[in-house]
Amino acid sequence: MAIRINGNEVAIPDDPRVSLADLLREQLHLTGTKIGCNQGACGACTVLIDGERVLSCLTLAVQADGRAVTTIEGLSSEGSPHPLQSAFIEHDGFQCGYCTPGQICAAAAMLRGVADGMPSYVTADLGERAILSPEEVRERMSGNLCRCGAHNGIVEAILQVAKEDVA
Amino acid sequence: MTPFSYRRPASSMDASALAALKGHKLLGGGTNLVDLMRKGVEHPTTLVDVTALSSEIIEMEGGGLLIGAAARNSAVAAHPLVRAHYPMLSRAILAGASAQIRNMATVAGNLLQRTRCAYFNDPAASRCNKRQPGSGCDALEGFNRYHAILGGSPGCIATHPSDMCVALMALDAQIHLAGSAGTRIVPLADFYRLPGDSPHLETTMEIGELITAVEIPASAMGQRSAYRKVRDRASYAFALVSVAAGVSMQDGTIEDIRLAFGGIAPRPWRALQAEAALRGGPATPEAMAAAMDAELAVARPAAGNAFKVELLKRTTAAVLLELTGDRS
Ligand SMILES: Cc1cc2nc3c(=O)[nH]c(=O)nc-3n(C[C@H](O)[C@H](O)[C@H](O)COP(=O)(O)OP(=O)(O)OC[C@H]3O[C@@H](n4cnc5c(N)ncnc54)[C@H](O)[C@@H]3O)c2cc1C
Ligand code: FES
Ligand code: FES
């Protein structure tokens, strides 16, 4: 029984009560992943499992058995920031930074979802591929709260990366 | 959290045998159950992970869909056949929770998620007949903005919080169950109980039964359908009221209609009286108002949610006018 975390095999803890968030932070010291509410309401603990965004606070580590987890630490490559990280800096996409790792993990998966044709509640025509507007970004990122109110910068940063991806 | 052990059976037979054992609880995505265990509302001794069971979405002969119990909410919402034939279902799922939670949540878990009533979720300091039968209900005289206006009882006015299930109710979904006595299919309309004097009994499932799939029949009403949710913030909040509606029109009259409401009752509420009043008649605001008056004649709002009666009438009219309006 093991999870692949940022490319490394990690044994599943013996006690099934250990959440994925606690495994990451307390045992592996991957403290980029934050715990805000510990009850699914804020998104600070967002990580990727097999490329999809999930909440690590509501995931038991044992549920991730055999799967690949990517945290904010695994998103940047060879010491250079992920394009979303650079864009968040450029557009003031944070103040205290507590929600930021979750925002960036969520945004990375969100952009992939849009490219794969994932609709959202505000997509006008479910039969068409959604075009990423500010309204679409806000809806698709609504699972990540920011207590500092940096949302305008967050939306701008994400839209910029989306534009560069297409270019 | 009290200690528990974890099992992951490979077949629904094994899962059902385990589910029949004392203290055993099935685990889907865990987005509700893990939270309730942490809050001390649920204390299973063993979690039986059923996410290895079918998550396929299959088109049935003669139309209709069979959705495996372990299908993720996001996979159902994104499925091309769901988007094309049952847009209200896609839209309802997408209106619920967040993308992260929809990626984790399973269809069966969504059906069986527990109420978000603050008193149910607060074992340390609140009374709740659903959590602890006979202890009383603090919602009756407490904060009941999110509570039921239809179908409640003097012992419980908690709502079923799902969005997905409101669309499933309008679509006449059938629930496939497996247990030690074999398999059976229950219409969703007969799946949930109303609280009466036993609010802790929420469904008609037997001990040891589990959900294996949800079947959605082919429906002419699925195509021209919509879901609208009204909430306290624009996204990532539970419904104050929600409306799932599907219609078929002929020569300007409503040939047939499906209507269900969320956020207002202990179970997703199928509006049979309003449907009957509207079927065969004109799609006018007056007809809609009269139909809603009939449906809501028995509404019993609490002090904090009387506004829901009017809100639901207006939301329903808005959705129906949009669906029945000119489009050739
Ligand atoms: C912050 C937050 C906001 C949310 N907002 C919304 C919202 O706006 N709208 C909405 O609709 N929902 C909302 N939800 C709820 C969410 O949709 C549910 O938590 C989710 O659908 C439950 O699915 P799951 O697979 O995670 O279930 P679990 O938590 O794993 O299980 C839930 C229940 O189902 C039972 N179960 C699971 N699988 C089976 C099976 N095969 N057979 C029998 N029993 C089974 C379990 O034993 C348990 O009792 C929200 C949740 C959170 C945390
Ligand atoms: S810490 Fe997981 S959602 Fe808030
Ligand atoms: S930057 Fe402080 S919470 Fe978002």
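Accessible areas here come from the Shrake-Rupley method with a 1.4 Å probe. I start my notes with that, as I looked up surface first. I also jot down that this is a predicted model.

**Entry 1: chain A overall**

Chain A exposes about 7500 Å², and carbon and sulfur atoms supply 50% of that area. I then checked the size. A compact globule of 167 residues would have a radius of gyration near 15 Å, and chain A has 16 Å, so the two agree. Its C-alpha atoms fill a box of roughly 45 × 35 × 30 Å along the principal axes.

I asked how much of chain A is buried: 53% of its 167 residues. Then I turned to contacts with a separation of 6 or more, and found that residues 24 or more positions apart account for 56% of them in chain A. Charges came next. I found 12 positive and 21 negative side chains in chain A, with the centres of the two sets 3 Å apart.

**Entry 2: the fold of chain A and its helix H1**

I listed 6 helices and 5 strands for chain A. Reading along the sequence, I get β-β-α-β-β-β-α-α-α-α-α.

After H1(A) comes A:His29, and its phi is positive, near 55 degrees.

**Entry 3: chain B overall**

On to chain B, where I found 12 helices and 12 strands. For 328 residues a compact globule would have a radius of gyration near 20 Å; chain B comes out at 19 Å, so this agrees too. The box filled by its C-alpha atoms is roughly 60 × 50 × 35 Å, again along the principal axes.

Of the 328 residues in chain B, 57% are buried. Looking at its contacts between residues at least 6 apart in sequence, I see that 62% join residues at least 24 apart. The accessible surface of chain B is about 13100 Å², and 54% of it belongs to carbon and sulfur atoms. I also looked up its 32 positive and 29 negative charges, whose mean positions are 7 Å apart.

**Entry 4: the cores**

The largest nonpolar core has 42 residues. Those with the most contacts inside it are B:Val76, B:Leu89, B:Leu111, B:Leu168, B:Leu188 and B:Ile211. Several elements of chain B each supply at least two residues of this core, including helix H3 (73-78), helix H5 (87-94) and strand E8 (210-216). The largest share, 7 residues, comes from H8(B).

What does B:Val76 touch, leaving aside its neighbours within four places in sequence? I wrote down B:Ile57, B:Ile67, B:Ala71, B:Val82, B:Leu89, B:Ser90, B:Ile93 and B:Val107. Apart from this core lies another, of 31 residues, among them A:Val10, A:Leu30, A:Leu58 and A:Ala64.

**Entry 5: one valine in chain B**

Last, I looked up B:Val186, in strand E7 (residues 182-187) of chain B. Is B:Val186 buried or exposed? Its relative accessible area is 7%, and buried means under 20%, so B:Val186 is buried.

Leaving aside neighbours within four places in sequence, I find B:Val186 in contact with B:Gln174, B:Ile175, B:Leu177, B:Phe191 and B:Thr204. I also checked B:His176, 10 residues from B:Val186 along the chain: their C-alpha atoms are separated by 6.6 Å.

Technical notes: Residues numbered from 1 in each chain as written. Chains lettered and ligands numbered in written order. Predicted model: local features only at pLDDT ≥ 70, side-chain atom pairs only at ≥ 80, totals over all residues. Heavy atoms only, no water. Helix = DSSP H or I, 4+ residues; strand = E, 2+ residues; numbered from the N terminus. Rg over C-alpha atoms; globule rule 2.2 N^0.38 Å. Buried < 20%, exposed > 50% of the residue type's maximum accessible area, 1.4 Å probe, protein only. Contact = heavy atoms within 4.5 Å. Lys, Arg positive; Asp, Glu negative; His and termini not counted. Charge placed at Lys NZ, Arg CZ, Asp CG, Glu CD. Core = buried A, V, L, I, M, F, W, Y, C linked by side-chain atoms within 4.5 Å.
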